[in-house]
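Reader: I've got this one open on my screen. Can you walk me through it, one piece at a time?

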Amino acid sequence: NALSARLRADLAAALAAAMEDESVRAVLLTGEGPAFCAGADLKEVAAERAGNPPPISAPGMPELFSAIMEAPKPVVARLNGPARAGGIGLVAAADIAVAPEDATFAFTEVRIGVVPAIISVPVAARMHDRQLARYFLTGESFGAAAAAEAGLVTSAVPREELDSATEAILDGFRASAPRALSATKGLLGRAGSVPPEQRTAAIARMGELSAEYFASEDAAEGRSAFREKRSPNWVL
């Protein structure tokens with residue numbers, strides 16, 4: 001599952017289609033076969049450097065990671081196996097990531113003479129500084145439990161529990177109002193980035209957003225459902 005031009009093009013197209021489809025509440029990203037994603041397609045990179053570009057046009061990894069991070073619907077990564085280099089960028093770009101305990105990770109860039117430049121943006125937003133420095137600088141392999149401790153993945157579970165752990169997350173989306181879900185993802189993208197001198201203004205803006213949603217039809221439906229002891233009309 002290397003990030004070839006074909007894979008990037010297909011993934012970008014599928015993601016765009018999911019964002020346009022009103023029946024889609026969230027996106028589940030997983031891999032086929034023993035690995036989740038090996039990162040860049042090195043054979044394709046070598047061919048391109050030799051003057052033989054890929055036969056199809058495809059977004060670069062910066063555009064792909066941005067599309068996932070900026071998507072108006074949640075994206076969940078369900079790892080089925082190892083992730084390496086740019087493949088870890090997909091994991092970090094996703095809003096939630098669940099990995100089997102036997103999955104492994106490695107930022108192998110330094111060991112082949114390159115740097116993890118593009119993926120540093122989504123990965124640094126997830127991982128704690130000390131672990132980020134260690135694994136970026138050494139290129140060593142680490143397990144899913146270490147990835148969870150470092151903040152790279154949300155949870156590491158026994159492989160036999162991977163499906164049930166993923167379904168529990170998806171059930172949360174199925175019970176959530178679509179507009180509120182999208183707006184909350186937008187809030188997460190801005191969380192923690194407000195300088196101290198701008199906090200008062202930021203809180204005021206959030207007050208306006210809160211009032212807007214409390215006055216919405218979805219909020220009225222949610223209150224009615226609570227009083228009437230039934231599920232809201234958006235529950236799948």
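Reader: Start with H9 and H10. Which residues in H9 meet which in H10?

Author: This is a predicted model, so read everything that way. From H9, the contact takes in Arg 179, Ala 180, Ala 183, Leu 187 and Arg 190. H10 brings Met 206, Leu 209, Glu 212 and Tyr 213.

Reader: How does that contact split by class?

Author: There are 6 nonpolar residues, 3 charged and no polar.

Reader: And the geometry? What angle do H9 and H10 pack at?

Author: About 170°, with the axes 12 Å apart. H9 covers residues 178–190, and H10 covers 199–214. With that angle, H9 is roughly antiparallel to H10.

Reader: Is the crossing of H3 and H4 left-handed or right-handed?

Author: Right-handed.

Reader: Which residues meet there, between H3 and H4?

Author: On the H3 side, Met 61, Leu 64, Phe 65, Ile 68 and Met 69. On the H4 side, Gly 86, Gly 89, Leu 90 and Ala 93. The classes in this contact are 7 nonpolar, 2 polar and no charged.

Reader: Let's switch to strands. What is the order in the sheet with 4 strands?

Author: S1-S2-S4-S7, an open sheet with parallel pairing. Strand S1 (27–30) and strand S7 (155–157) are the edges, each pairing on one side only. On average, neighbouring strands in this sheet are turned by 20° against each other, direction ignored.

Reader: Zoom in on S2. How many bridges pair S2 with S4?

Author: 3 bridges, in the parallel sense. S2 is residues 75–78, and S4 is residues 96–100. In S4, Ile 96 is the bridge partner of Val 76. Ala 77 has Ala 97 as its bridge partner in S4.

Reader: And how many bridges between S1 and S2?

Author: 4, again parallel. Val 27 has Val 75 as its bridge partner in S2.

Reader: Which way do the S2 side chains point?

Author: Val 75 and Ala 77 point one way from S2, while Val 76 and Arg 78 point the other way.

Reader: Buried or exposed, those four?

Author: All are buried, Arg 78 included.

Reader: What joins S3 to S5?

Author: 2 bridges join S3 to S5 (residues 104–106), and these strands run parallel. Arg 84 stands opposite Ala 106 in S5.

Reader: Change of topic. Where is Ala 5?

Author: In helix H1, residues 5–20.

Reader: Is Ala 5 buried or exposed?

Author: The relative accessible area of Ala 5 is 2%, so it counts as buried, the cut-off being under 20%.

Reader: What is Ala 5 in contact with?

Author: Setting aside neighbours within four places in sequence, Ala 5 is in contact with Glu 44, Pro 54, Ile 56 and Ala 58.

Reader: Last, the whole chain. How many helices and strands?

Author: 11 helices and 7 strands. The chain has 236 residues, and 35% of them count as buried. Along the principal axes, the C-alpha atoms fill a box of roughly 65 × 45 × 40 Å.

Reader: What share of the contacts comes from residues 24 or more positions apart?

Author: 71% of the contacts with a separation of 6 or more.

Conventions
Residues are numbered from 1 along each chain as its sequence is written. This is a predicted model: local features need pLDDT of at least 70, side-chain atom pairs count only at pLDDT 80 or more; totals for chains, interfaces and linings use all residues. Side-chain values use heavy atoms; hydrogens and water are left out. A crossing is left-handed if the near helix is turned anticlockwise from the far one by less than a right angle, and right-handed if clockwise. Contact means heavy atoms within 4.5 Å. Ala, Val, Leu, Ile, Met, Phe, Trp, Tyr, Cys and Pro count as nonpolar, Asp, Glu, Lys and Arg as charged, and the others, Gly among them, as polar. Two strands pair if DSSP finds at least two bridges between them. Axes are lines fitted to C-alpha atoms, for helices over the stretch in contact, and angles run from 0 to 180 degrees between N-to-C directions. Buried means under 20% relative accessible area, exposed over 50%, partly exposed in between (1.4 Å probe, protein chains only). Angles under 35 degrees count as roughly parallel, over 145 as roughly antiparallel, 65 to 115 as roughly perpendicular and the rest as oblique.
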